[in-house]
Protein chains: 4
Amino acid sequence: MEEKSKKERLIQAAIKLFAQQGYHNTTVAEIADEAGVAKGTVYWYFSSKEELFWGIIVSGAELVNNKLAKEAEQNNKTAVEKIEAIIRLHISYFKKGKNIVKMTQECSASPGENFYKEIQQLRKVAINSVAKIIKEGQENGELVADIQAKELANFILGAIGGAYNPSIYELEDVEETTDLILKIIFKGIKV
Amino acid sequence: MEEKSKKERLIQAAIKLFAQQGYHNTTVAEIADEAGVAKGTVYWYFSSKEELFWGIIVSGAELVNNKLAKEAEQNNKTAVEKIEAIIRLHISYFKKGKNIVKMTQECSASPGENFYKEIQQLRKVAINSVAKIIKEGQENGELVADIQAKELANFILGAIGGAYNPSIYELEDVEETTDLILKIIFKGIKV
Amino acid sequence: MEEKSKKERLIQAAIKLFAQQGYHNTTVAEIADEAGVAKGTVYWYFSSKEELFWGIIVSGAELVNNKLAKEAEQNNKTAVEKIEAIIRLHISYFKKGKNIVKMTQECSASPGENFYKEIQQLRKVAINSVAKIIKEGQENGELVADIQAKELANFILGAIGGAYNPSIYELEDVEETTDLILKIIFKGIKV
Amino acid sequence: MEEKSKKERLIQAAIKLFAQQGYHNTTVAEIADEAGVAKGTVYWYFSSKEELFWGIIVSGAELVNNKLAKEAEQNNKTAVEKIEAIIRLHISYFKKGKNIVKMTQECSASPGENFYKEIQQLRKVAINSVAKIIKEGQENGELVADIQAKELANFILGAIGGAYNPSIYELEDVEETTDLILKIIFKGIKV
DNA sequence: CATGAATGAGGCTTCATTCAT
DNA sequence: CATGAATGAAGCCTCATTCAT
C-alpha cells in the first residue's frame, strides 16, 4: 500500500520538476517516472501536461487570492494592519510553497502559452483586493492620497514578488525580507 | 537594396516574436519568415536559436548595467539623486525596449535553460552597482542605516521590475510609474 | 498479429538498407518505412541511428570473436587445423551474414565516425586470438617461425576479408574461396 | 605569391581531410578553409564535392593501374618476378600515398555512393592485369595450375590491401609487410 | 485503473550548392 | 578568377498524446 494516491504523487512530482527545470524542459515521462507511475497514467488524472501545470498554479493562486479577499473584508483592522497582513501572508506562502512560486513566476513570464492570459486574470483579482484596502486607507486618512489605488496595489504585489528572488539569495530567513518590505513601503528609505 | 541588413532584420524579427510568443513557442522558421530570409540564413549569423535569444538579452542587459555602473561612480550627486536616476533609467529603458524587457523576464523565470544561470549573474552585477550607491548614502546619513545594502538594492530593482508589469495595464504613461516608485521608496505610503 | 517483433523488423530493415545504401545514405525514415513502423518507433528501441548501426556490427563481430577465442583454446587440434577452422568460420559467416559483413567493411573504412575506433578494438581482439594459435604452431614446429605472429594474424584476417569481395564477383560458391585461401596460405603458389 | 596553385592546394587539403575524417564528415567549407580559399572557389575548380573526392581516387588508382599494365607486358621477367614487382609497387604506393589509400578504402566500402560502382570497375582492370601475369606463370609451369587465375589475382590484391592496415599497426616499416606477403604467397606458412 | 508500446507532427540544425558582386 | 552571403532541401531526434491490452 502506497502512502499517497497516484494523483497526489503526480502533482508532487510535477511541482518538483516544473520548479527545477521549467515547464518546457520537463517531460511528461519524467514526471511519471518521478511519481513512480506509467506515462499513460498521467492522462487518466490530467487531460494534458498543460492542465497539470496550470492546475497547480491555480490551486496556489486561489489559496492566496481567497485569503487576500478575506483580509480585504475584515472590519476590525486598519488599512496599515491589513497591508502588513497581506505582505506577511505572501512571504509565508513563498516560504512554504517555494516551488509553486517558481512555477507561477515562470507562468507569468511565458507569453504565448494559454495560461499566460489566465494568470493575468488571477493577478487582477489580487490587485483588486489590495486596491480595495488601499482606497479605504486613503479615505480614512491613513495612507497618502495622491497615488492611484490600483497602481499602488500593483506596485506592492510586484515589489513583494521582486524582493523575494529565491534564486539570488536563497533567503532562508524570509522574515527579514518581510520587515524590509514593510519598512520601505511604510516609511521609505530617506532619513 | 533593402533598408536594413539581414542580420538586423533577423534580430528585430526575433525580438518581436520572442516577446510576443515566448522562447519555446517561437520557431526559427517563423523568425526567418518574419525577417524575410531563408531558414538557413539564421545560422549564417547566429550559431543557434539560443544564441540569438541570449545575444539580444545580453545586449540589453549590458547597456543598462553599464549605465548603472557609471551612475554609481558619479561624484557630484547625492545618493538619493543617483537612485532617482537609476529608476528613471530603468523606466525609460522599459519604455523603449518593451519587447526585450519581456524577453528578459521570461529568461529570468525559466529554470532549466542554459541562460538561466547567466541572467542571474547579470542581475548580481546590477545589484552590486546599486548597493554601492546605497552604502554611500547610508554612510553620509542620507539613507536609513538599518537595512542591508544588498537586500535593499535587490528590493529596489525587484520593485521596479514588479511595478512595471506591461502585461497588466499596458501602461503607456510610464512617467507615472516612475513617480510612483520614487514616492514610495523615498517617503513610504503612510501619512 | 505480426510474425516478428517490431524491434526485430527494424533490425532486419536496417541491415538490408545499411548494406545496400551505406550508413550515410540510409535515413531513419527509410528504415522505419521498410520495417513498417512509424519513425518515432525507431527511437523507442534504439537511442540513435548510430546505436542501431553499431549494435548490428557488434552483434556480428562478437559472434565471430567468441568463436575465434574458443577455437584458440581448443586442445585437441593442431595449429593448422585451427587456422583452417578459422578460415571456414569466417567464410561461412560471410556467406550467411553478407549484409552485416558489408556494414562492417564500411564501418572499418570510415574514419571520423565514432564507431571507427571501436571497430579497430574488435579487430585487435580477433588478431590476438589468431596470433595465439600461430605462436603455438610456431613453437611446436608446425608453422614457419620467421614471421611475427601478430603480423601474420593480421595478414590472414586481412586476406580473408580481401579475398571475399562480394561486390566484385558475387561469389555464390564461397567454398571455392575457402579452398583457395587455404591452399595459398599453407602451401604458397610457387611450384 | 603563393607557392602552389589554388587548385593544387584544394586537392591537398581535400586529401588530408577526407583521409582523416572520411567523406561524409568532411565539409566543403573545411576543405576551402584548410586550403585558404573561399568556399565558392571550390566550385570553380570542381563541379561538386563528389567530383573532387573521386578525382583524387582516380588519379591514384590510374597511376597504379598503368604501372600494373606495364608490368604485365614486360617480356624479360618471370611471372614470379612480376608478382613480386606488383607487390612492391603497391606497398611503395601505400607508403607514399597513405591518405589516398585511406580514401580509396572508404570509397570501396561505401555502397550507395555514385563512385562505389566506378571503383569496382577500376578494381576489375587491376585484377585483369594481375590475372594475365598469373596465367603466363601457370602456362610456363612457374605457378601452381589448379587455381583460377582471376580468383588468385583477386586474392593477391585483396591480401595486399588487407595486410596493409594502416589503422592497426601504424606500420612505418612497410618493407617488412612486403616481405611477409611475398613469403606467404610464394611459399605458404607450413613447414 | 494502469500500462507502455507506438505514433507522427514538428523542431533545430547542417551543408552542398548558387550567384551577385 | 574569387568571394562569401544566402538558400532550402533534408536529416535526426523529441515528446505530448493515444490506445489496445
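1. Throughout this note, a residue counts as near a molecule or strand if one of its heavy atoms lies within 4 Å of it. This is a predicted model, where local features need pLDDT of at least 70 and side-chain atom pairs count only at pLDDT 80 or more, while totals for chains, interfaces and linings use all residues. Residues are numbered from 1 along each chain as its sequence is written, chains are lettered from A and ligands numbered from 1 in the order in which they are written, and side-chain values use heavy atoms, with hydrogens and water left out.

2. Let's start with DNA strand E. There are 30 residues around DNA strand E, and Thr41(A), Tyr45(A), Thr41(C), Trp44(C) and Tyr45(C) come nearest. Take the atoms of DNA strand E within 4 Å of the protein: 76% belong to sugar or phosphate, and the rest to bases. By class, the surface near DNA strand E has 12 nonpolar, 10 polar and eight charged residues (Ala, Val, Leu, Ile, Met, Phe, Trp, Tyr, Cys and Pro count as nonpolar, Asp, Glu, Lys and Arg as charged, and the others, Gly among them, as polar).

3. An N or O atom in the side chain of Thr41(A) is 2.5 Å from a phosphate oxygen of DNA strand E.

4. Helices here (H or I, at least four residues) are DSSP runs, as are strands (E, at least two), numbered from the N terminus.

5. On to DNA strand F. It is surrounded by 30 residues, the closest being Thr41(B), Trp44(B), Tyr45(B), Thr41(D) and Tyr45(D). Of the DNA strand F atoms within 4 Å of the protein, sugar or phosphate accounts for 76%, with the rest in bases. The residues of the surface near DNA strand F split into 12 nonpolar, 10 polar and eight charged.

6. A polar backbone atom of Gly40(B) is 3.3 Å from a base nitrogen of DNA strand F. The elements giving two or more residues to the surface near DNA strand F are H3 of chain A, H3 of chain B, H3 of chain C and H3 of chain D.

7. Next, the interface of chain B and chain A. The contact (heavy atoms within 4.5 Å) takes 53 residues from chain B and 53 residues from chain A. The area buried between the two chains is about 4800 Å², with carbon and sulfur atoms giving 62%; buried area is the accessible area (1.4 Å probe) that two parts lose on being put together, summed over both.

8. What polar links cross that interface? The count between chain B and chain A is two salt bridges (a side-chain nitrogen of Lys or Arg within 4 Å of a carboxyl oxygen of Asp or Glu). Lys183(B) forms a salt bridge with Asp146(A), where the closest N and O atoms are 3.4 Å apart. The rule also finds nine residue pairs in polar contact across the interface of chain B and chain A, both at pLDDT 80 or more (a pair of N or O atoms within 3.5 Å; within protein, one must be able to donate a hydrogen and the other to accept it, and residues adjacent in sequence count only if both atoms are side-chain atoms). H8(B) gives the largest share of the side of chain B that touches chain A, 10 residues. The residues of that side divide into 25 nonpolar, 15 polar and 13 charged.

9. A search of the whole structure finds 24 salt bridges over all chains. One to inspect is Lys82(B) with Glu136(B), whose closest N and O atoms are 3.2 Å apart. This pair links distant parts of the chain, with Lys82(B) in helix H5 of chain B and Glu136(B) in helix H7 of chain B, 54 residues apart.

10. Finally, the symmetry (copies superposed by least squares on the C-alpha atoms of residues with pLDDT of at least 70 in both). Chain C can be laid on chain D with an RMSD of 0.1 Å by a turn of 179° and a shift of 0.0 Å along the axis. That is the relation of a two-fold axis. 100% of the interface residues of chain C are also interface residues in chain D, so the copies meet through the same surface. As for chains that do not touch, chain A and chain C have their nearest C-alpha atoms 13 Å apart, and for chain B and chain C the figure is 21 Å.
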